[in-house]
Amino acid sequence: MIFLDEIQDCQDAIISLKFWALDNRFDVIVSGSLLGIEYNRASSYPVGYVDYLRMYGLDFEEFLWAMGISEEMIDTIKDYLHSKKVIPEAINSQLMKYYRLYISIGGMLEVVQRYVDTKDFREVDRIQRSLLQGYQYDIAHYATAEEKIKAEKCYLTLGKQLLDKENHKFQYKEIEKGARDQKYYSSNKCSRFSE
């Protein structure tokens with residue numbers, strides 16, 4: 001198997017995917033950011049030779065699997081929910097504990113795995129902070145110096161904006177006093193946050 005990360009940085013590698021598929025001696029997996037937008041688009045593209053898979057954090061059901069909850073128990077909970085029957089207190093109490101745990105840990109694979117392995121919230125917090133710092137450094141990787149500042153300001157207000165409002169639409173005026181979309185929208189960084 002061959003794994004190519006950040007493939008968008010090498011247009012020849014994108015073009016080569018067709019030939020790897022035709023060769024068929026190796027499984028080739030590629031990953032990268034910004035693959036779905038117009039950043040340094042390759043002059044040619046291996047149409048029909050690439051299967052796409054979007055990766056997401058764990059949803060609550062997957063989180064329960066990671067916590068060792070049996071498929072049978074999850075099906076029982078689903079049955080209660082689908083039939084709109086009251087979940088027995090003992091089950092509901094345990095389920096709410098897991099839900100609060102999910103809310104605090106999140107669905108990032110590395111964070112969940114560390115909790116499963118250690119049950120140590122300090123370790124969970126350390127990894128969460130590291131991931132957030134990594135996002136902050138990476139968020140404007142392909143931007144100009146001026147746009148990096150704008151993108152970082154957008155990123156740093158995102159959590160507050162989502163938590164503080166009933167209307168979860170991103171508002172530029174919350175970034176700084178007098179900010180308007182004309183100033184920030186040009187970076188195309190903030191616009192992805194509001195989707």
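Because the model is predicted, local features were considered only at pLDDT of at least 70 and side-chain atom pairs only at pLDDT 80 or more, whereas totals for chains, interfaces and linings use all residues. Residues are numbered from 1 along each chain as its sequence is written, and side-chain values use heavy atoms, with hydrogens and water left out.

The protein chain contains 9 helices and 2 strands, where helices (H or I, at least four residues) and strands (E, at least two) are DSSP runs numbered from the N terminus. In order from the N terminus, the elements follow the pattern β-α-β-α-α-α-α-α-α-α-α. Of the 195 residues, 26% count as buried; buried denotes a relative accessible area under 20%, exposed over 50%, and partly exposed the range in between, computed with a 1.4 Å probe on protein chains only. Contacts are defined by heavy atoms within 4.5 Å. Among contacts between residues at least 6 apart in sequence, 51% join residues at least 24 apart.

The predictor's confidence in each residue is expressed as pLDDT, from 0 to 100. The protein chain has a mean pLDDT of 82, and 83% of its residues reach 70 or more. Over residues 35-39 the pLDDT stays under 50, and the model has 6 contacts beyond four places in sequence for this segment. The pLDDT is also below 50 over residues 187-195, a stretch with 22 contacts in the model beyond near neighbours in sequence.

The expected span is 1.5 Å times one less than the number of residues in the helix. A bend of about 35° occurs in helix 1 at Leu17, the bend being the angle between axes fitted to the seven residues ending at a residue and the seven starting there. Ala13, Ile14, Ser16 and Leu17 are the buried residues of helix 1, and the elements covering them include strand 2 (28-30). Helix 1 is followed by Asn24, which has a positive phi near 60°.

Two further non-glycine residues with positive phi were examined. Glu6, with a phi of about 50°, belongs to the loop between strand 1 (2-4) and helix 1. The relative accessible area of Glu6 is 29%, so this residue is partly exposed. Lys84, with a phi of about 60°, is located in the loop between helix 3 (71-83) and helix 4. Lys84 counts as exposed because its relative accessibility is 76%.

A pair of aromatic rings is described by the distance of the centres and the angle of the planes. Rings of Phe, Tyr and Trp (its six-membered ring) were paired if their centres lie within 6.5 Å, with planes under 30 degrees apart classed as stacked, over 60 as edge-to-face and the rest as tilted. By this rule there are 5 aromatic pairs. The ring centres of Phe60 and Tyr102 are 5.5 Å apart and the planes stand at 55°, so this pair is tilted. Phe60 lies in helix 2 (residues 60-66) and Tyr102 in helix 4 (residues 89-105), so the pair ties together parts 42 residues apart in sequence. Phe60 is partly exposed, with a relative accessible area of 23%, whereas Tyr102 is buried at 17%. A tilted pair is also formed by Phe63 and Tyr102, with ring centres 5.1 Å apart and planes at 55°. This pair connects helix 2, where Phe63 lies, with helix 4, joining parts 39 residues apart in sequence. Phe63 is buried, at 0% relative accessibility. Ring pairs link Phe60, Phe63, Tyr99 and Tyr102 into a cluster.

Helix 6 (residues 121-138) has 18 residues and should span 26 Å at 1.5 Å a residue; the distance of 25 Å between its end C-alpha atoms agrees. Val124, Ile127 and Gln136 are buried in helix 6. At the start of helix 6, a side-chain oxygen of Asp120 reaches to within 2.9 Å of the backbone nitrogen of Arg122. Polar contacts are pairs of N or O atoms within 3.5 Å; within protein, one atom must be able to donate a hydrogen and the other to accept it, and residues adjacent in sequence count only if both atoms are side-chain atoms.

In helix 7 (residues 145-164), Thr157 is buried at 13% relative accessibility. A polar atom of the Thr157 side chain lies 3.0 Å from the backbone oxygen of Cys154. Apart from neighbours within four places in sequence, Thr157 is in contact with Phe170, Glu174 and Ile175.
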